[in-house]
Amino acid sequence: MTIAPSAPKKFSKKKLEHAELLPQRDLRGIVETVLRLAKSTVASETEVHVDEVADALTRFANNGIHQNVFEHSLTVSVRTVTGGRTARATTNRLDEDSLRGTIEASLSLAHSEPRDARLLPMPGRQRYRTVDRFVKATAALRPEERARAVRLACDLASKKGQAAAGIFSSGQSQTTVGNSRGLFATYRETHSQFSITMQEDPAASWAKADSADVREIHPQKLAERASKKAHLALKTLELAPGRYTVILEPAAVLDLVGFLFYDFAATAVEDKRSCLNNRMGKQLFAKNISISDDVYHPLQKGAPFDGEGMPRQRVLLVDGGVPKNLVYSRASAKIARQRPTGHGFALPNEYGEAPMNLVIGGGDSSVEKMVASTDRGLLVTRLWYIREVDPYEKVMTGMTRDGLFLIENGTLTRAVRNFRFNQSLIEMLNHVERMSPAVRATGEESFEMVVPAMKIGNFHFSEVTKF
Amino acid sequence: MMLMWDLCTNALDTAKLRGASYGDVRAIHLRQRDLTTKNGQVGTLALSESVGVGIRVLASGAWGFASTDRLTRDGVAACAAQAVSIAKASALANRRNVVLAPERAYVDSWQSPFRKDPFEIPLGTQLALLLAADGEMRKVKGVTLTETNMQFRKIDSWFASSIGSRIHQRKVISGCGIGATSFQGEEIQKRSYPNSFGGQHALEGYELVESLELLKHARVIAEEAAALHAAAQCPEKFGTLILAGNQLGLQIHESIGHPIELDRVLGQEANFAGTSFLTLDQLNKLKYASSIVNVVADARLDHGPGLGTFAYDDEGVPAQCTDIIKDGKFRGYLSNRETAHFIGLERSSGTMRAESWNRLPIIRMTNVSLLPGTWDYDDLISDTGDGILMDTNRSWSIDDRRYQFQFSTEIAWEIKGGKKVRMLKNPSYSGITTEFWNSCDAICKFDHWTLWGTPNCGKGQPMQTMGTGHGAAPARFRNIRIGTAFSKQ
């Protein structure tokens, strides 16, 4: 294989040590270079995505760091249109020959397919709301700082006779979309996460936080919370499977309901693979359930534009338990005679669009108040390995994990062996009795959301495991 | 290729100068072609390439890893220096110094065998096949969504280590599948061929696609998808279960493949993927399965062209075959150079794999396969007086120590008096891993054995997706809990 011995100076001015991203003028330069090169081809339209990531992650287990990684990558993805056909080619090589080759590869793919009568012209220049989620303190975080925070958490575990495992990650990314009709959109953000599992054999518990601003992450507090719950979980009681009142902490809520939201894609409804087929506008959930997709919410993250560069709109998905609106790409909007909402994936694709910035309206309760209000129920810290059993009734299966506690007469009394659940999300969202205010939550099965803790009646546990 | 070796050498030299006691470098060039159709239209049509280096070093007794796509001498040197800095930061919270099992240096070049390079087959030919299969499925009344896909990957990797290894490997991977969905009343049913979630994938060329005869099977699965609505509900009971090979492959993956990963056993995955019930005291003692069950982890080409087949793993250890379950007894784990000594091994079992140049190698399944038994398939069915045959996975879930699982499949067939008598919908089964494998009383012979590819195994933080292989032939299990997923109790 042939790789240029050095990238063009234009795009390689800086060194890697501080994990800096390219200046945004350089991203624009790459977009302009591709658009210029494409002019000398048969492409009638060209779209360019440039995505750059610089991410670091420190991983620990058994009270010590065992993995510690950094990655930098920059990809250029080109979509061309020729004769009513479109295709995409992607590279991470930035020299002009490679960029030219990527344009040609895209055209070659497009020439191989039948003409697509539904293909829309690319959108022109758009206006975007400014969102600022780039925090210098996060971008500048060094491996030594992550290591020191990890060491403190591990020291706490050692002191308590526990074993800590988890991650502390930080990073920055930027994305740019431009096309030959003059559209140009760019966005950068930082991200950080701390996640910890405290093990006190045979028990374990878990806590996690996520923020654009690493100063809002408090590793020691998370470690203390997980440590206390792990100790509480030392001796477990085996309960019979059945229907229980549960209090789901926010991470458990988001990991579960995250599986519902691809159904809010207009393309999923058009394809008849959505649970919302024949159910839009009906009282599907309880009246206390309202959900929106809102990238501009102060606790949300993500670019204010979609894969075609269309500005994201705030969309009210569920109002008072009634599914009111779907999200639309330009293509699905045209089919449904609606306006695009700025939720499309990069073209070409078969999935269309999805809401990715969910905000579930909360209440005025709290986990503590919910526990106090419960005669008999279960507090769920975290759910695991959630998969769809029935796509229309939206039955999900999965396990509880890292802290399941029995509530009796308003008090946590003891830990309980983990259960398997088989639960319809539609049924579940009809039995929400109380909610806390919504917070930015993060789990492991779904993307981050702004969700409340929920007290839910009649939750279906079908089997029990060995621990 | 010379340039790649130069970059690797440059990285190792820099790492050594900065204080690394060990280093290895993976330079990788990945090319991928993705094609999909939906309802007779082209969906995804994309070609991508990615090239970069990942550098792993030991310094101050701890690990550091950095990766970059800036493939200049300066870019790679900066990346190597950063890997050493990260390793020194790791040492600030290091519990014990890393000790690696000894391994020889190898200088070698290997290419996976294939007859037809999928990147040389015209796109038009590939799309025409998918669109024809798509069209065949759409002819069936009641089918509301049709989907097809092909994926091809060509991966060149250059591995160099500070002990002197220089290994080039080229792998060609192909995969394809089709699916028909039917929405009627208040029910969505789906059938897939030859497997769900992307079909079959293997370390083969385009000959894999041709051998699967997508067009021939398109009409059959479409008719089954539509017919499932009228089928009887799978009953809830304890009974005899026969699993088709494609479902058994995933059962092996989840309830044998993951629990034997030694990093998981040692707690290194406790925060995310979980731990394992196979604690170190179980080795050579636990009766994992019935005496007819033999399972190996085999990365050698002799085992077949699986997604877990290679010549060397990503820390330069040659492919091996390890007994996992022998005559029902638990015999082995998947290990690497760092963990081998925990189970008294002098050498890694060669299972370190990285998703790409920007990921750290971690312990992964290779081809974890159930060896063939002695039964002819027709004899197995006729020997089963009353049972349920389940085919093609629909959902899968298992707890974080790999004890309790639940699977559902797309379709099932009721067996009465040794004959398949009727179709059942919404099938599912569940159980405890060791109880399940100890209930196995029949495994079909090699004629019915397929090395299934699972292309989407997720593990690690940051997440890595890896392909694994699972050889399986249909097998029978007694007294299994059936139908729990749809229970309303």
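Trainee: Which domains does the domain assignment give for chain B?

Mentor: The model is a predicted one. In chain B, the assignment places residues 232-486 in domain 2. The remaining entry is domain 1, so the answer is domain 1 (2-230) and domain 2 (232-486).

Trainee: How many residues of domain 1 of chain B take part in the contact with domain 2 of chain B?

Mentor: The centres of these two domains of chain B, taken over C-alpha atoms, are 21 Å apart. Domain 2 of chain B brings 39 residues to the contact. The side that belongs to domain 1 of chain B has 20 nonpolar, 16 polar and 10 charged residues. The number contributed by domain 1 of chain B is 46 residues.

Trainee: Is strand E17 of chain B enclosed or open to the outside?

Mentor: Strand E17 of chain B covers residues 386-398. A residue counts as buried if 20 or more other C-beta atoms lie within 10 Å of its own. By that criterion 11 of the 13 residues of E17(B) are buried, so the strand is largely enclosed by the rest of the structure.

Trainee: In which sense does E17(B) pair with strand E18 of chain B?

Mentor: E17(B) also pairs with strand E10 (residues 237-243) of chain B, in the parallel sense over four bridges; there, Thr240(B) has Gly387(B) as its bridge partner. With E18(B), residues 404-416, E17(B) forms a hairpin that has five residues between the strands, and Ser397(B) stands opposite Gln406(B). The 11 bridges between E17(B) and E18(B) are in the antiparallel sense.

Trainee: Which strand supplies the largest share of the side of domain 1 of chain A that touches domain 2 of chain A?

Mentor: In chain A the assignment gives domain 1 (9-214) and domain 2 (235-467), and 32 residues of domain 1 of chain A are in contact with 25 residues of domain 2 of chain A. Strands E3 (85-91), E4 (163-179), E5 (184-200) and E6 (203-211) of chain A each supply at least two residues of this side of domain 1. The largest share, seven residues, comes from E6(A).

Trainee: Which strand of chain B gives the most to the side that touches chain A?

Mentor: The contact between the chains involves 76 residues of chain B and 82 residues of chain A. On the side of chain B, 32 residues are nonpolar, 33 polar and 11 charged. The strand that gives the most, with 12 residues, is E2 (residues 41-59) of chain B.

Trainee: Which residue is joined to Pro202(A) by a cis peptide bond?

Mentor: Most peptide bonds are trans. Pro202(A) has its place in the loop between E5 and E6 of chain A. The cis bond, with omega of about 10°, joins Pro202(A) to Asp201(A).

Trainee: Is Arg337(A) buried or exposed?

Mentor: Arg337(A) lies in the loop between helix H8 (330-336) and strand E12 (358-360) of chain A, and its phi is near 55°, a positive value in a residue other than glycine. Because Arg337(A) has 6 other C-beta atoms within 10 Å, the residue is exposed.

Conventions. Residues numbered from 1 in each chain as written. Chains lettered and ligands numbered in written order. Predicted model: local features only at pLDDT ≥ 70, side-chain atom pairs only at ≥ 80, totals over all residues. Contact = placed C-beta atoms within 7 Å. Nonpolar A, V, L, I, M, F, W, Y, C, P; charged D, E, K, R; others polar. Buried ≥ 20, exposed ≤ 12 C-beta atoms within 10 Å, placed from the backbone. Pairing = 2+ DSSP bridges.
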